[in-house]
Amino acid sequence: MTKRHAHEIVADSLRTQILEGRYKPGERLPSEEALTDEYGVSRNTVRVALDRLAAANLITRRRGSGSYVNVEIGISHSLGSLRSFTTLLRDLGLEPGITGVEIRRDPNPPLEILGFLPAEAVWLVRRIRTGSGSPFALLDSWLPDRIGSRIDPEVLSRRQSLYASLAEDLDTRVAEATESIHAEAADEREAEVLGVPVGSPVIVIRRWTYDRARRPVEYTRSAARGDRYRYVVKLRA
């Protein structure tokens with residue numbers, strides 16, 4: 001195996017063992033030295049693999065102590081990490097998917113984007129994100145005309161990630177975002193898609209995203225099942 005893919009192979013192996021129960025919640029993983037010997041890779045490769053598992057909230061790394069399997073495992077997002085849902089799913093070992101892609105001009109965008117996106121045509125990108133075939137989030141993104149009018153629904157469906165499509169096809173890279181997080185009651189559409197009763201709690205994240213030049217790129221509202229998604233905040237004194 002090549003060094004470029006070595007950390008992915010190590011991460012995938014450890015992830016599988018965690019999810020299958022070989023390593024129990026709260027249990028300490030083998031040391032970096034032991035993993036280096038077991039997989040025949042460098043210490044740096046092992047560290048990158050463990051960092052990837054920590055980013056997916058599968059493990060917690062404790063300085064001077066080691067890496068431990070988290071007690072609660074679910075699709076999670078860490079504060080300060082600007083990652084797409086596609087990356088989150090892959091880091092957790094789930095196969096990312098996307099269905100129900102719809103792209104159209106929106107004559108009546110939400111009030112939340114007034115003063116954020118330019119006062120021109122606003123485009124709505126609507127899709128359902130799945131993990132290993134199971135729906136887990138509805139995403140609605142509003143983008144300015146200079147971006148939204150150029151997004152191809154077939155290309156987005158193939159790439160799955162809006163951020164990847166923006167970067168690879170439109171040379172637009174997100175660099176900064178502000179988010180607000182709320183627990184809300186699922187409406188009829190959310191309940192039907194996510195497979196929960198109407199009124200069940202869903203995690204709603206609103207995100208205002210900018211590019212490197214601080215120009216507005218998108219406003220997104222996502223709704224995910226409250227029992228499958230957690231937002232992790234790590235504090236340090």
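Tutor: Rings of Phe, Tyr and Trp (for Trp, the six-membered ring) pair if their centres lie within 6.5 Å; planes under 30 degrees apart count as stacked, over 60 as edge-to-face and the rest as tilted. The model is predicted: local features need pLDDT of at least 70 and side-chain atom pairs pLDDT 80 or more, whereas totals for chains, interfaces and linings use all residues. Residues are numbered from 1 along each chain as its sequence is written, and side-chain values use heavy atoms, with hydrogens and water left out.

The structure holds three aromatic pairs. In one of them, the ring centres of Phe116 and Tyr210 are 5.3 Å apart and the planes stand at 90°, so the pair is edge-to-face. This pair joins distant parts of the chain, 94 residues apart: Phe116 belongs to the loop between strand 4 (96-105) and strand 5 (122-131), and Tyr210 to strand 8 (residues 201-211). Helices (H or I, at least four residues) and strands (E, at least two) are DSSP runs, numbered from the N terminus. Phe116 is buried at a relative accessible area of 11%, and Tyr210 also counts as buried, at 16%. Buried means under 20% relative accessible area and exposed over 50%, with partly exposed in between (1.4 Å probe, protein chains only).

Strand 8 takes part in another pair. The rings of Trp208 and Tyr219 have centres 5.3 Å apart, but their planes are at 55°, so this pair is tilted. Trp208 lies in strand 8 and Tyr219 in strand 9 (residues 216-225), 11 residues apart. Both Trp208 and Tyr219 are buried. Ring pairs also bring in Trp142, which forms a cluster with Trp208 and Tyr219.

As for the setting, the chain comprises eight helices and 10 strands, and 47% of its 237 residues count as buried. A nonpolar core is a set of buried Ala, Val, Leu, Ile, Met, Phe, Trp, Tyr and Cys residues joined through side-chain atoms within 4.5 Å. The largest has 19 residues, among which Leu14, Leu50 and Ile59 touch the most other members. Helix 1 (3-19), helix 2 and helix 3 (43-55) each contribute at least two residues to this core. A second, separate core of 14 residues includes Trp123, Val125, Leu162 and Leu170.

Helix 2 (residues 32-39) has Glu32, Leu35, Thr36 and Tyr39 buried. Seen down the helix axis, these buried residues fall within an arc of 105°, taken from the directions from the axis to the C-beta atoms. The face turned away carries the exposed residues Glu33 and Asp37.
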